[in-house]
Amino acid sequence: MKDELAFTIANTIISGFERHVALFTEITQSARERFQQCQWHEVHRSARARTNFYDERVTESCSVIKEDFNISDLDDALWQEVKTVYSDLLSNHKQPELAETFYNSVFCHLFERKYYHNDYIFVESTAHRLDEKEVPKIYTSYQPQALGLKQTICDIMNSHRTVIPFEDLDRDVDALINAFRRKAHKTMVKLEDLQFDILNFTFYRNKGAYLIGRVLSPAGETPFIVAVLNNEKGGLYIDALLTTSENMAVVFGFARAYFFVDCQHPYALVNFLQGLMPHKTKADLYSAIGFHKQGKTQFYRDFLNHLEDSNDQFELAAGIKGMVMSVFTLPSYPYVFKIIKDKFSPSKNMTKKDVKGKYRLVKLHDRVGRMADTMEYSEVAFPKARFNNELLAELKKVASSIIRYEGEGEDELLIIEHLYIERRMVPLNLYLMDALKNKKQDEINDAMFGYGEAIKQLISADIFPGDMLLKNFGVTRHGRVIFYDYDEITYMDQVNFRVKPKAVTEEQMYAAEPWYSVMPGDMFPEEIATFALANPSYLKAFKIHHQDLLTPTYWQQCQQDVANGIYKDVFPYPDKYRLCHQGFSSELK
């Protein structure tokens with residue numbers, strides 16, 4: 001009887017997962033149509049909806065198990081058998097790693113943390129069995145010697161195009177070949193020595209379509225991305241070429257929205273992509289192609305392995321302490337761990353629920369390459385011995401309600417009820433202080449340009465950052481400026497951009513408090529210069545490119561554009577990689 005129940009529960013969970021896959025695939029496949037028809041609002045709506053699919057299916061599966069099988073407490077023998085049956089069901093599954101994660105999510109929603117170990121869930125994956133099977137053919141190989149270089153590339157582009165034709169493929173391919181010759185020296189060999197391996201599916205995101213592959217030659221491997229855009233007049237055109245792992249990694253960055261890519265073999269796809277971008281972790285890549293829950297699972301496994309192989313201690317993160325969040329890090333691991341404090345500073349008129357809502361908003365919104373993606377976890381266990389005394393004292397002081405301990409001695413665990421994890425960056429204020437100290441004016445100029453660009457790109461995507469102090473931005477290893485403090489973000493229509501009244505009387509000039517009325521939602525852009533950019537060196541560098549951000553007129557125009565459905569194009573690559581900026585053709589757009 002128990003074996004039959006275990007089989008039924010396992011099948012209920014796998015059915016929930018298959019329903020998730022079917023819905024995920026359907027909305028992913030429809031990305032092509034949205035791109036063809038320039039349905040940009042629908043692109044964002046679909047991205048939000050797809051991000052919610054996983055949790056919705058987990059909730060459905062949990063409800064069925066609770067109601068149909070009257071499951072409340074854990075039956076040890078039953079659930080070990082459920083896992084065994086479920087594992088057998090995955091023996092020939094195309095996506096076993098995703099199915100394992102779905103199983104883990106269902107189990108963890110049903111039972112307490114003390115059962116979160118490999119007897120009951122897939123702490124250790126069995127998906128490595130895929131390594132023993134024939135690798136699915138997810139790419140097509142082309143030998144340009146057969147048809148010639150230009151015709152081969154034309155065939156590749158046409159095999160990926162939609163029903164929309166290229167406006168001038170002959171022109172674009174000429175520009176693409178010239179760009180390859182200029183950038184990718186490993187491809188400068190005889191045609192008979194070249195091979196192109198092109199992934200069989202197009203990557204869609206926002207207004208772009210991306211072809212991804214590699215060029216093989218005796219000189220080595222050259223990874224590449226070709227970006228294609230819709231001119232919104234019935235034609236496509238090649239917009240950019242990226243030919244280095246570093247530049248491709250930025251396109252797959254943690255501050256970007258997730259791709260829509262219709263691949264039924266994500267394990268093989270992630271392995272292929274990691275070969276092109278070795279600095280990207282599998283967790284990064286699973287998330288980038290839309291499987292953000294698998295990204296979380298992969299990250300946590302990597303994190304546990306890192307803890308086993310390291311001995312440094314967790315410590316408070318560098319920078320000014322936050323008024324809402326407390327942040328700590330492990331020096332040997334490039335991430336930060338963020339928890340919501342029990343009590344906020346008096347100036348922060350919000351609740352924990354409000355803060356979680358802001359982080360959820362960012363998860364569902366287009367991050368335009370300027371807001372860090374976060375991974376949200378519950379009931380996370382850390383070895384207490386790995387926390388230094390200063391951090392333990394801080395956690396007890398600011399977040400005692402979500403901290404508890406289990407076990408004793410060397411095995412004692414510190415359990416955090418809820419936290420966010422994101423990539424570690426250098427806080428912008430510290431980055432600038434170091435540049436100023438070392439008299440690196442170019443770094444100050446670049447950082448201030450990036451700071452202003454981050455703000456402009458956020459507001460053009462309908463995100464008002466709120467608190468724009470330098471400490472709330474970070475600098476990545478690629479030198480990009482990213483916003484990461486979300487407790488005050490809101491939509492642009494919630495803000496009233498005003499000109500700050502000029503003081504006329506002596507009483508007004510020396511008033512300790514504003515002598516004019518200030519309503520909730522009021523914002524005075526010129527105050528950015530006072531509060532965020534008080535250092536003259538920073539302000540001077542900022543004004544070179546972003547003087548307009550200090551005027552309410554600019555903000556009001558952006559607000560109006562968003563209200564009218566006009567969103568500024570934000571490309572995931574610098575202008576210098578766009579073919580229209582490389583002098584190959586004045587006709588390229």
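The legends below describe an overall view and close-up views of a predicted model.

**Figure 1. Overall view of the predicted protein model.** The protein contains 20 helices and 17 strands. Its radius of gyration is 26 Å, close to the 25 Å given by the globule rule for 589 residues, so the protein is as compact as a globular protein of that length. The C-alpha trace spans about 85 × 70 × 45 Å along the principal axes of the protein. Of the 589 residues, 53% count as buried. When contacts between residues at least 6 apart in sequence are considered, 70% of them join residues at least 24 apart.

**Figure 2. Close-up of the packing of helix α1 with helix α3.** Helix α1 covers residues 2–29 and helix α3 covers residues 40–69. Two packed helices are described by the angle between their axes and the distance between the axes. Here the axes come within 10 Å and cross at roughly 165 degrees. Because angles over 145 degrees count as roughly antiparallel, α1 is roughly antiparallel to α3. The crossing of the two helices is right-handed.

**Figure 3. Close-up of the residues in the contact of α1 with α3.** On the α1 side, the contact is made by L5, T8, I9, T12, I13, G16, R19, H20, L23, F24, I27 and T28. On the α3 side, the contributing residues are S46, A49, R50, F53, Y54, R57, E60, S61, V64, I65 and F69. Sorted by class, the contact has 12 nonpolar, seven polar and four charged residues.

Figure 4. Leaving aside residues up to four places away in sequence, I403 touches L395, L414, I415 and I416. Y516 lies 113 residues from I403 along the chain, and the C-alpha atoms of the two are separated by 44 Å.

Figure 5. The relative accessible area of L436 is 32%, so L436 is partly exposed. With residues up to four places away in sequence not counted, L436 touches I444, N535, S537 and Y538. L436 and Q80 are 356 residues apart in sequence, and their C-alpha atoms are 59 Å apart in space.

Technical notes
Residues are numbered from 1 along each chain as its sequence is written. This is a predicted model: local features need pLDDT of at least 70, side-chain atom pairs count only at pLDDT 80 or more; totals for chains, interfaces and linings use all residues. Side-chain values use heavy atoms; hydrogens and water are left out. Axes are lines fitted to C-alpha atoms, for helices over the stretch in contact, and angles run from 0 to 180 degrees between N-to-C directions. Helices (H or I, at least four residues) and strands (E, at least two) are DSSP runs, numbered from the N terminus. Angles under 35 degrees count as roughly parallel, over 145 as roughly antiparallel, 65 to 115 as roughly perpendicular and the rest as oblique. A crossing is left-handed if the near helix is turned anticlockwise from the far one by less than a right angle, and right-handed if clockwise. Contact means heavy atoms within 4.5 Å. Ala, Val, Leu, Ile, Met, Phe, Trp, Tyr, Cys and Pro count as nonpolar, Asp, Glu, Lys and Arg as charged, and the others, Gly among them, as polar. The radius of gyration is taken over C-alpha atoms; the globule rule is 2.2 Å times the number of residues to the power 0.38. Buried means under 20% relative accessible area, exposed over 50%, partly exposed in between (1.4 Å probe, protein chains only).
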